[in-house]
Each structure stands twice: as structure tokens, then as C-alpha cells.
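Here is a short briefing on how the inside of one protein chain is packed. Look at the sequence and the structure first, then read the points below.

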Amino acid sequence: MHDLFHELWHSITHTDKGILKLIKDLFAHPKKVYFGYFSGKRKTYFSPVTFFLITATVLLLIGNKIYDYEDYVRLANNPNGYNEMGRYVFDMTKFKTLILLPFHVLILWSFYHKRFNLAKIIVFFLYFHGLIFVLQILVSPIYFILILHKDLLDNIVSIITLIVLYWHLNLVFGIKNYKTYLINFIILNMFYIINYLVIFYLLYGGELFEQTKTNTIFGFIIELYKI
């Protein structure tokens, strides 16, 4: 057991290829990480699949604790109970990233398949989502401090996620001209629309348009941007 835990801890903290080194590099030198892995230096970097799964698991555990604390605070002020929509949304959509991943990969590959193969694009998203999960884990203490403003914090995190995604798209797939910046902006909006389509479908299923009071997909998209 001692050797097993030693190897596990070593794989996480290894100075050359541990998860902490990966996180530091993704914050400081993201382009170097992506292209380093693409070029075949895979032993240098922590596994993208393992990174994605570890960070997603930690974030899910913290997310449940945040909602537990929100329940505690709100019920203390509302002894008769209250309508906790947030917990329901979290439970229904907590695996949406796994559902969205194939759509994100295929959209990006359709634009950049001449320069990047499918495997590289999958690696890009595994590392990117892992980085976003780390960001959300790091800001989680703020949720406990400002739990009554959770909706506002969620919106701020969503905006930051979109900004970081656009930045990373341009770092990896842009070639520093207005055309690729425009293409990446279009891709970003496609991701935004699909993200909320999946969320609302998980929540309402076939009644998506009825619940959102829209009649068509175009009406739904217009409502998204109004929000």
C-alpha cells in the first residue's frame, strides 16, 4: 500500500510531468502545452484524459458541497422551504461537458481538419476543459463567501470561460489574421448555442420550445442572446 500511494502521489506531483506542473504550464504557457503534446512529446505531459477526469470529479464533489451550503443558508432564512431550481439544474446537467465534447470536437475539426487531425482536437478540448475545471475549483471558496449571489457568480464564470476559450482558439488555431479571428468568433458562438440547447434539452426534453416560449430553433437562439 505504501508503494501504491507513493506512485500515485508521484504521478500527480512529479516536477517533469505531474498534474501540478501541467496546471502551471496551462496557465502560463498554454500554447507550449498544446503544441508540445501535438508534436509527440507525450511523456513530458500529464495525460489529458486523466487530467480531464480528475478535475471533473473534484469539481462535481465541490459543486455538491456548494449546493449543500446554499440549501443550509437559504433554508435558515426560509423555514417553510423554497423552490431550489439550482440544485435540480446541477443534477440534470452535471455531465453536460461529456455530452458536448463530441459536438465541440466535430465543429472545430470541420473548420480546421486540413491543419489538425481529430486526435489533436480531442486533446485540445480535454486540456482546455480540465483548465476551466481548475479555474472553477480555484474560485469555489468565493461561492461559499457570496453564496446568496451564486447566480451572479455563475454568470461571471460563464463569461470568463467564453473569453478563455476564444483566447485559446486563437492561440492554437488562429494564424494572426482577421479571417481566423472571425472564424473562431463564429465557432465560439456555435459552442454557446449548442451548450444551452443541450442544457435546456436535459431539463425539458421534447418540451424545450414550450418551456422557453419559443416556436423554432431560431426563436430559441434569439432568446438566448436576449438573455
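The model is predicted.

**The largest nonpolar core**
- The largest nonpolar core has 42 residues, and those touching the most other members are Phe51, Leu108, Phe124, Tyr127 and Phe173.
- Two or more residues of this core come from each of α2 (19-28), α3, α4 (48-77), α6 (96-112), α7 (118-145), α8 (150-173) and α9 (178-204).
- Helix α7 contributes the most, giving eleven residues to this core.

**A second core**
- There is also a second, separate core of seven residues, among them Ile62, Ile66, Tyr143 and Val157.

**Contacts of Phe124**
- Leaving aside residues up to four places away in sequence, Phe124 touches Tyr34, Phe38, Leu108, His168, Leu169, Val172 and Phe173.

**Helix α3 and what follows**
- Helix α3 spans residues 30-38, and its buried residues are Pro30, Val33, Tyr34, Gly36, Tyr37 and Phe38.
- Just after α3, Gly40 has a positive phi of about 105°.

**Lys150**
- Lys150 lies in helix α8.
- Lys150 counts as buried because its relative accessibility is 6%, and the cut-off for buried is under 20%.
- Not counting residues up to four places away in sequence, Lys150 touches Ile66, Tyr67, Glu70 and Tyr143.
- Of these contacts, Ile66 and Tyr143 belong to the second core.

Key
Residues numbered from 1 in each chain as written. Predicted model: local features only at pLDDT ≥ 70, side-chain atom pairs only at ≥ 80, totals over all residues. Heavy atoms only, no water. Buried < 20%, exposed > 50% of the residue type's maximum accessible area, 1.4 Å probe, protein only. Helix = DSSP H or I, 4+ residues; strand = E, 2+ residues; numbered from the N terminus. Core = buried A, V, L, I, M, F, W, Y, C linked by side-chain atoms within 4.5 Å. Contact = heavy atoms within 4.5 Å.
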